[in-house]
Amino acid sequence: MQTFVQSISPDVFQRYFERLPPDQQPSSPWVYLHPESMQEFLGELSDAEADAAIMEDFRMINDISALGTDLLIHAYNRVGRSIDTEQTAQELAMRLFLDHPEAFEFAWSRYLYYSTNAKLASYFMKISHLDVTEEQIGKLQDDLSKWLASQAKGRYCNVRWYQEDNQSTLYVQRGAHLRTMPYWKDGQIEIAALRPASEDLLVYNPNQSALTIKAGLAKDREFYLSIFAYHLAGDGRLARIALGTPMFSLVPLEHGTFDYTGNGLITGVDLTWARIRLYDIH
């Protein structure tokens, strides 16, 4: 928190908090200047959900500024804004968050894809032309909302589509199962039922005819595959084809024909770990 607070101008912090209800705003500008005061203010918020939401915003802004500065620059270029080289990465991220929220979401979706340690699954999907409309996204979101409700994950979700020449991204914000959390309020322990927010990604690479899905559960990935094929690619059969088409083959390793001569940076590749799913033949 110390580095984060000291890296952002007080007036920018003030702009962030002015977006919030009055009871979630600091009463003293001292909070914008000192990390200890900021931490104390957040700890004294009576609304546990508000505190969690603010800390989540700060976490995203801090993470992308630390590890995804190039993504911030790309996002600024998308909205036609130049980078002020005198500003810290944290301030650039906060200003993008405040002034261009859609561009920040774009940068965050890229950050999740490149930095995540969550499971990624790739599927072969040959699409001759992918030109997604707002109507298609709306229908996909409706189907996703119904499916989430059937999984007891709430019916609310946000879906964003970012299309580029070499890569297109479907960014999904959705709910998860409800969790109860104890917190202090007026000297007493209260219990709040909160629905955590989760983020999923679908990234399509037309050059490789590959759809990569970041989602925690296999059933989630298969559902995303089906609605992507039906609503965006325009052919639901592509999902069944993708599930039956291998993306990679270990046959060259089995036959001893695999060879990698290196490119100066990588001098060799060895298979060190594999996970195998055995299907019941009966």
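Predicted model: local features only at pLDDT ≥ 70, side-chain atom pairs only at ≥ 80, totals over all residues.
Student: How much space lies in the largest pocket, and which residues lie nearest its centre?

Tutor: The largest pocket holds about 1300 Å³ of space. Its lining comprises 24 residues, and those nearest the centre are Ala121, Ser122, Phe248, Arg275 and Arg277.

Student: Which element gives the most to the lining of the largest pocket?

Tutor: Strand S1 (120–124) does, with five residues. Helix H9 (218–232) and helix H10 (237–243) each supply at least two residues as well. By class, the lining of the largest pocket has 15 nonpolar, four polar and five charged residues.

Student: What lines the second largest pocket?

Tutor: This pocket, with about 1100 Å³ of space, is lined by 32 residues, and Ala53, Glu56, Arg195, Pro196 and Ala197 lie nearest its centre. Helix H4 (48–67) is among the contributing elements and gives the most, with six residues. The lining of the second largest pocket divides into 15 nonpolar, six polar and eleven charged residues.

Student: In which sense do S4 and S5 pair, parallel or antiparallel?

Tutor: Strand S4 (179–185) and strand S5 (residues 188–194) pair in the antiparallel sense, over seven bridges. Within this arrangement, Arg179 stands opposite Leu194 in S5. The two strands, S4 and S5, form a hairpin with two residues between them, and Asp186 in the turn has a positive phi of about 55°.

Student: Are Glu135 and Asp220 buried or exposed?

Tutor: Glu135 is exposed, because its relative accessible area is 55% and the cut-off for exposed is over 50%. Asp220, by contrast, is buried, as is Lys153.

Student: Where do Asp220 and Lys153 lie?

Tutor: They form a salt bridge, with their closest N and O atoms 3.5 Å apart. Asp220 lies in helix H9 and Lys153 in the loop between H8 and S2, so the pair ties together parts that are 67 residues apart in sequence. Asp220 and Lys153 also belong to a network of salt bridges that includes Arg174 and Asp200.

Key
Residues numbered from 1 in each chain as written. Heavy atoms only, no water. 1 Å grid on protein atoms, 1.4 Å probe; cavity = no way out; pocket = protein on both sides within 12 Å on 5 of 7 lines; lining within 4 Å. Points joined across faces, edges and corners; volume = space filled by probe spheres on them. Helix = DSSP H or I, 4+ residues; strand = E, 2+ residues; numbered from the N terminus. Nonpolar A, V, L, I, M, F, W, Y, C, P; charged D, E, K, R; others polar. Pairing = 2+ DSSP bridges. Buried < 20%, exposed > 50% of the residue type's maximum accessible area, 1.4 Å probe, protein only. Salt bridge = Lys/Arg side-chain N within 4 Å of Asp/Glu carboxyl O.
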